[in-house]
Amino acid sequence: QVQLVESGGGLVQAGGSLKLSCAASGSFFSIGDMAWYRQTPGKQRELVAKFTSSGRTNYLDAVKGRFTISRDNAKNTVYLEMNSLIPEDTAVYLCYADFIMSPISPESISWGQGTQVTVSA
């Protein structure tokens with residue numbers, strides 16, 4: 001299994017910045033895609049940014065140009081640098097990873113518990 005632990009959330013004023021980290025640990029053969037989602041009460045969870053195993057990135061339109069996802073494979077860690085934050089970015093941010101336990105195992109997914117990001121006007 002893979003455990004994902006997020007850190008870096010908090011309260012920030014509009015226009016400010018935060019950097020989230022998500023470290024994967026546990027027993028696995030390899031990690032595939034890693035991503036950040038966010039969720040607010042009453043809304044569907046939405047993909048914010050993804051860093052694929054092949055090195056491609058994609059972003060939610062609303063965060064393009066403001067957020068940057070990066071990944072350190074040696075540390076099994078994914079980051080989300082968030083700049084020019086706006087109140088609409090307020091949400092619980094959750095880390096996602098897909099992985100395999102062995103070369104012949106099916107793909108599994110894991111979610112972190114989430115970290116709260118609050119942007120005040």
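The questions and answers below concern side-chain contacts in a predicted model.

Q: Which element gives the largest share of the largest nonpolar core?
A: The largest nonpolar core has 27 residues, and Leu4, Trp36 and Val48 are among those with the most contacts inside it. Elements that give two or more residues to this core include β1 (2-7), β4 (30-39) and β9 (91-100). The largest share, 5 residues, comes from β9.

Q: Which residues does Met82 touch, not counting residues up to four places away in sequence?
A: Met82 is one of the residues with the most contacts inside the largest nonpolar core. Leaving out residues up to four places away in sequence, the residues that Met82 touches are Gly16, Ser17, Leu18, Leu20, Arg66, Phe67, Tyr93 and Val117.

Q: How many residues apart in sequence are the parts that the pair of Tyr37 and Trp111 ties together?
A: The search of the whole structure finds 3 aromatic pairs. Tyr37 and Trp111 form one that is edge-to-face, with 4.9 Å centre to centre and 65 degrees between the planes. Because Tyr37 lies in strand β4 and Trp111 in strand β10 (residues 108-111), the parts tied together are 74 residues apart.

Q: Is Tyr37 buried or exposed?
A: Buried means under 20% relative accessible area. The relative accessibility of Tyr37 is 17%, so Tyr37 counts as buried.

Q: What is the geometry of the pair formed by the rings of Tyr96 and Trp111?
A: Trp111 is partly exposed, with a relative accessible area of 32%. Planes over 60 degrees apart count as edge-to-face. The ring centres of Tyr96 and Trp111 are 5.3 Å apart and their planes are at 70 degrees, so the pair is edge-to-face.

Q: Which residues do ring pairs link into a cluster?
A: Trp111 pairs with Tyr37, and Trp111 also pairs with Tyr96. The cluster linked by ring pairs is made up of Tyr37, Tyr96 and Trp111.

Q: Which residue has its charged end over the ring of Trp111?
A: The charged end in question is 4.5 Å from the centre of the Trp111 ring. The residue is Arg45.

Q: What is the handedness of the disulfide of Cys22 and Cys95?
A: The structure holds 1 disulfide, which joins Cys22 to Cys95 with S to S at 2.0 Å. This pair links distant parts of the chain, Cys22 in strand β3 and Cys95 in strand β9. The torsion about the S-S bond is about -85 degrees, so the disulfide is left-handed.

Q: How far apart are the closest N and O atoms of Asp89 and Arg38?
A: Asp89 lies in the loop between β8 and β9 and Arg38 in strand β4, so their pair ties together parts that are 51 residues apart in sequence. Asp89 is buried, with a relative accessible area of 1%, and Arg38 is buried at 7%. Asp89 and Arg38 form a salt bridge in which the closest N and O atoms are apart by 3.0 Å.

Q: Which residues are linked with Asp89 in a network of salt bridges?
A: Asp89 forms a salt bridge with Arg38. The side chains of Arg66 and Asp89 also meet in a salt bridge, at 2.7 Å from N to O. The residues linked with Asp89 in the network are Arg38, Glu46 and Arg66.

Q: Are Asp61 and Lys64 buried or exposed?
A: Asp61 forms a salt bridge with Lys64, the closest N and O atoms being 3.0 Å apart. Both residues of this pair, Asp61 and Lys64, are exposed.

Key
Residues numbered from 1 in each chain as written. Predicted model: local features only at pLDDT ≥ 70, side-chain atom pairs only at ≥ 80, totals over all residues. Heavy atoms only, no water. Core = buried A, V, L, I, M, F, W, Y, C linked by side-chain atoms within 4.5 Å. Buried < 20%, exposed > 50% of the residue type's maximum accessible area, 1.4 Å probe, protein only. Helix = DSSP H or I, 4+ residues; strand = E, 2+ residues; numbered from the N terminus. Contact = heavy atoms within 4.5 Å. Phe/Tyr/Trp six-rings, centres within 6.5 Å; stacked < 30°, edge-to-face > 60°. Lys NZ or Arg CZ within 6 Å of the ring centre and 35° of its normal. Disulfide = S-S within 2.5 Å. Salt bridge = Lys/Arg side-chain N within 4 Å of Asp/Glu carboxyl O.
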